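Visitor: I would like to go through this model with you and hear, for each term, how the value leads to the label.
Guide: Gladly; let us look at it together.

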Amino acid sequence: MSSGIKNRNRDKYERVRKLMWIKCEACGRLVYYKDYKNNNYVCPRCGRAFMMTPKQRFDLLFDDIYWQRFELSTSTDDPLEFEDIRTYQDRLDEARSDTGTNDAISTADGKVNGINTTICVMNGDFMMGSMGRAVGDAIVASIEHAIELKNPFVMVTCSGGARMQENILSLMQMARTTVAVNKIHQNGLPYIVILTDPTFGGVTASFAMLGDIHIAESGARIGFAGRRVIEQNIHEKLPSNFQTADYLYEHGMVDMVVPRSELRSALGKVLMVLTKQPHDAKVIDIKTPKFDAPKKSRDMGKTPEYDKVLMARNENRPHFLDYVAGIVDDWSYLAGDRCFGEDAAMGTGIGYWYGIPAVIIGQEKGRTIETRQQHRFGMPNPEGYRKAQRMMRLAEKFDLPLISLFDTAGAFAGGVAEERGQSQAVAATIAMGLKMQAPYVAVNVGEGGSGGAIAIGTGDRVMMLENAIYSVIAPESCASILWKDNKYKTQAATALKLTARDMATFNVIDKIISEPSGGAQQDWQTTMEMVAKSVADAITDIKQTPSAELPVQRAKKFLSMTRDVEIYQPDRVPEDKQI
């Protein structure tokens with residue numbers, strides 16, 4: 001009996017079948033190859049992102065699929081003459097035959113959003129993208145090439161870690177690549193890392209976690225030791241999302257998690273700001289949302305100062321993210337302190353403020369019950385302030401103005417905050433803001449509460465909205481401590497002298513920004529126009545001073561504060577309320 005066409009041409013049939021269909025490793029379903037390719041090699045059924053070849057990555061990230069490969073030198077193949085069940089040389093020969101590349105890395109030059117850029121891609125199909133001498137040499141050479149061209153450098157990682165077959169020679173690549181990364185930072189060029197699946201071991205513990213900005217591809221697994229190794233060591237079951245891109249975002253290690261289809265756009269926006277590409281000022285066009293009127297406080301009208309307190313706290317005033325949405329173009333939210341976590345109470349990112357490329361930070365209070373809990377009512381934990389420090393360093397490296405919109409009742413007072421070093425975080429943020437060599441404008445847009453506010457309020461120019469307040473303590477708390485009863489909060493507000501007019505009198509601020517009639521909550525459009533222009537004008541003025549001189553002038557400014565100030569004495573406290 002005839003074996004039939006299928007049996008006679010089994011090899012040919014299998015090759016054709018594999019070209020037409022693939023099996024998804026995640027969901028187990030067969031996917032039509034053309035659909036899979038058109039979907040950027042992401043399973044259209046479950047969303048699993050498969051590994052891409054360097055060419056596919058270059059085509060994905062560069063404009064118009066136009067790029068030029070940078071030729072990389074090669075290293076000695078097998079310096080240790082390593083052999084396990086196979087020789088290292090055999091493994092190299094097989095990997096080269098399968099991939100058509102010399103080793104696990106490729107580099108190319110092209111344009112991203114019109115910006116000349118060098119992109120280096122690790123090839124996971126070449127011995128799991130492991131890092132040996134050839135990979136280390138290639139990264140060093142690629143970075144030096146980018147420095148020579150003055151190009152931003154983008155590193156796309158995909159690796160199981162250091163290559164065992166080269167032992168200590170592989171381990172030393174962690175130090176060698178870090179030297180190269182230090183060079184690109186010293187030259188003031190953007191270094192962006194795109195972390196893809198998988199990225200582990202000595203790669204994450206060196207150049208992959210030293211970027212100015214870390215972008216994790218959705219679905220990527222990223223870590224140091226593998227999940228199985230950790231579970232064997234600690235004899236515990238790890239969370240299902242452990243070492244995923246989202247897990248790293250929550251724990252402060254990456255700035256953003258981006259689907260593969262949006263990587264080019266996200267990368268392009270970041271590079272536009274960091275390379276200071278020209279941009280027209282955004283036309284502010286925002287409607288004041290219709291909110292339910294807040295309950296009128298029975299204390300409203302008792303004293304002008306406490307009226308300001310209530311106005312500053314009005315839940316319908318625009319918050320940090322509202323100002324960003326109304327004023328800023330090409331906004332990229334940047335997350336994480338690179339140590340512990342992402343703190344939504346401290347919003348940070350980069351974008352064009354009224355046409356000016358800038359780093360922008362500020363406390364976000366939230367508006368609904370859910371978002372207020374998420375943002376902790378604008379009271380940051382230590383990781384929020386450490387994230388602000390990271391943004392200050394970013395602004396300094398690229399000589400971008402830092403814009404701070406502060407609005408907080410204070411740093412979060414809680415056990416976990418104390419455990420993670422709240423005082424140190426606030427102190428270090430103040431210190432970093434004072435010594436930063438970049439223009440710095442701070443605006444009090446609502447509540448300026450205690451150290452939580454001044455942590456991001458030590459600008460070259462400090463401004464304050466007309467109905468904002470600034471105080472070492474809330475008047476209610478002050479009354480409870482000194483008057484022994486918070487019903488004296490209105491008297492405390494008067495005694496504290498916490499209004500914008502008081503701050504101007506004490507020379508604590510440089511400018512009061514007027515608010516529309518009835519307060520900022522009544523007219524977001526006018527408020528944002530005035531804030532946008534005031535900040536932009538201040539930046540233009542500050543830029544007349546060389547960045548290296550700014551910390552000196554900033555220090556003199558704050559050292560001169562509180563000198564020769566006539567201290568206000570409140571009315572005598574009743575004897576029964578005295579401490």
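Guide: The expected span of a helix is 1.5 Å times one less than its number of residues, and helices (H or I, at least four residues) and strands (E, at least two) are DSSP runs, numbered from the N terminus. This is a predicted model, in which local features need pLDDT of at least 70, side-chain atom pairs count only at pLDDT 80 or more, and totals for chains, interfaces and linings use all residues. Residues are numbered from 1 along each chain as its sequence is written, and side-chain values use heavy atoms, with hydrogens and water left out.

Visitor: How do you know that the span of helix H6 agrees with what its 17 residues should give?
Guide: At 1.5 Å a residue, the 17 residues of H6 (residues 133-149) should span 24 Å, and the end C-alpha atoms are 24 Å apart, so the two values agree. H6 is followed by Lys-150, which has a positive phi, near 60°.

Visitor: Which elements do the buried residues of H6 pack against?
Guide: The buried residues of H6, among them Ala-134, Ile-139 and Ile-147, pack against strands E3 (67-70), E4 (105-112), E5 (115-122) and E6 (153-159), and against helix H7 (167-186). Over the whole chain, buried residues make up 51% of the 579 residues.

Visitor: What makes a space a cavity, and how many cavities of 30 Å³ or more are there?
Guide: On a 1 Å grid over the protein atoms alone, a cavity is a set of points where a 1.4 Å probe fits but cannot get out, whereas a pocket is an open set with protein on both sides within 12 Å along at least five of seven lines; lining residues have an atom within 4 Å of a point. Grid points are joined across faces, edges and corners, and a volume is the space filled by probe spheres set on the points. By this rule the count comes to 2 cavities of 30 Å³ or more.

Visitor: What lines the largest cavity, by class?
Guide: Ala, Val, Leu, Ile, Met, Phe, Trp, Tyr, Cys and Pro count as nonpolar, Asp, Glu, Lys and Arg as charged, and the others, Gly among them, as polar. On that basis the lining of the largest cavity has 3 nonpolar, 3 polar and 6 charged residues, including Tyr-88, Arg-96 and Arg-133. Helix H5 gives the most to this lining, with 3 residues.

Visitor: Which classes make up the lining of the second largest cavity?
Guide: That lining has 6 nonpolar, 1 polar and 1 charged residues, and E5 and E6 each supply at least two residues of it. Met-51, Val-121 and Cys-158 are among the residues that line it.

Key: Buried < 20%, exposed > 50% of the residue type's maximum accessible area, 1.4 Å probe, protein only. Contact = heavy atoms within 4.5 Å.
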